[in-house]
Amino acid sequence: MNANRLLSLILTATLTGPVLAAGDDKFDDYFDTQMKAAQKAMSEKRYASVKEKVLELEKALTRADPDYGEKSQWAYVLDFKRFSLYEMGEQEAAVESCRRTVKVLASNDWPYLAEFNVVRAARRACHNMLAYEQSAVATTVPQHEEAISQIEQCFDTVSPIEDDSVLDNFYETRATVYLKANAATKNKYQPQLFDTLARADLRKLALDEDPEFAKIMKTPAYLSFRKDFKLPKKNTRPGINLSFHSSDAR
């Protein structure tokens, strides 16, 4: 289903009964109605209601589309599920949902189709959550490296038809992941940390409002790095065309 059509239907659909058969247009009507209700509940921060709606939709999609063919529908459901679980304090369930989401939405990603933007958005959000949660509990270098892998997958999940701004919400996690990994490895990840802070600064994301980042951004080492820092001409995304990317981020 085209993502623009889905968004339009979510905003305009009226209540219809569920017809849970793959390939039936009525299923799309049912889906859109339920998503509209979930979206309204989300805007009102009624997360228990959001969870209830998306769990119903998840069951319906499992019956109607067990092979995950309608990836945009799955993306909406799984992303709402992740968010509602986390907001309700069900952190472990949210993380497990993220692991499933990046697995089932990863294949057949068509970079030049706008309908996959919502799929990529869901995957980015999940990789970001997995990176943040892993970094928060990491006590060993391999655990920090897993957090790095997750946040770099987040930043790699971008299509040429998407604007770089889709990554803006994830710079803070990326900086946090590298800050903690750097502390655990005697400054091994200082270039990546500085790179992230410099890119965020250029995008005016105000990471310097965080006291730890602000302190780093005043150090002579960072100021020297920042003075000479330039974005690649053809790609402004972190991790790309950087020598540390392939070895440290995977």
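Cys126 counts as buried, at 0% relative accessibility, where buried means under 20% relative accessible area, exposed over 50% and partly exposed in between (1.4 Å probe, protein chains only). The sulfur of Cys126 has its closest cysteine sulfur in Cys98, 3.5 Å away, which is too far for a bond. Cys98 is likewise buried, with a relative accessible area of 0%. In the whole structure, zero disulfides are found, a disulfide being a pair of cysteine sulfur atoms within 2.5 Å. The model is predicted, and local features need pLDDT of at least 70, side-chain atom pairs count only at pLDDT 80 or more, and totals for chains, interfaces and linings use all residues. Residues are numbered from 1 along each chain as its sequence is written, and side-chain values use heavy atoms, with hydrogens and water left out.

The protein chain contains twelve helices and zero strands; helices (H or I, at least four residues) and strands (E, at least two) are DSSP runs, numbered from the N terminus. Of the 250 residues of the chain, 47% count as buried. Contact is defined as heavy atoms within 4.5 Å. Among contacts between residues at least 6 apart in sequence, 64% join residues at least 24 apart. The accessible surface of the chain is about 12900 Å², and 52% of it belongs to carbon and sulfur atoms; these areas come from the Shrake-Rupley method with a 1.4 Å probe, and for residues only the protein chains shown count as cover.

Helix α6 (residues 117-137) has 21 residues and reaches 31 Å from its first C-alpha to its last, close to the 30 Å expected at 1.5 Å a residue. The expected span is 1.5 Å times one less than the number of residues. Because 16 of the 21 residues of α6 are buried, the helix is largely enclosed by the rest of the structure. Helix α4 (residues 71-87) has 17 residues, which should span 24 Å at 1.5 Å a residue, and its end C-alpha atoms are 24 Å apart, in agreement. This helix is mostly covered, with 13 of its 17 residues buried. Gly89, with a positive phi near 85°, follows α4.

Rings of Phe, Tyr and Trp (its six-membered ring) pair if their centres lie within 6.5 Å; planes under 30 degrees apart count as stacked, over 60 as edge-to-face and the rest as tilted. By this rule there are eight aromatic pairs. The rings of Phe155 and Tyr171 have centres 5.2 Å apart and planes at 85°, so this pair is edge-to-face. The pair links distant parts of the chain, with Phe155 in helix α7 (residues 141-156) and Tyr171 in helix α8 (residues 171-184), 16 residues apart. Both Phe155 and Tyr171 are buried. Arg174 lies over the face of Phe155, at 5.4 Å from the ring centre; a charge sits over a ring if NZ of Lys or CZ of Arg is within 6 Å of the ring centre and within 35 degrees of the ring normal. Elsewhere, ring pairs link Phe194, Tyr222, Phe225 and Phe229 into a cluster.

Most residues other than glycine have a negative phi. Lys45, which is not a glycine, has a positive phi of about 60°. Lys45 is found in the loop between α2 (25-43) and α3 (47-64) and is exposed, with a relative accessible area of 62%. Asn187 also has a positive phi, near 75°. Asn187 is placed in the loop between α8 and α9 (190-202) and is partly exposed, with a relative accessible area of 47%.
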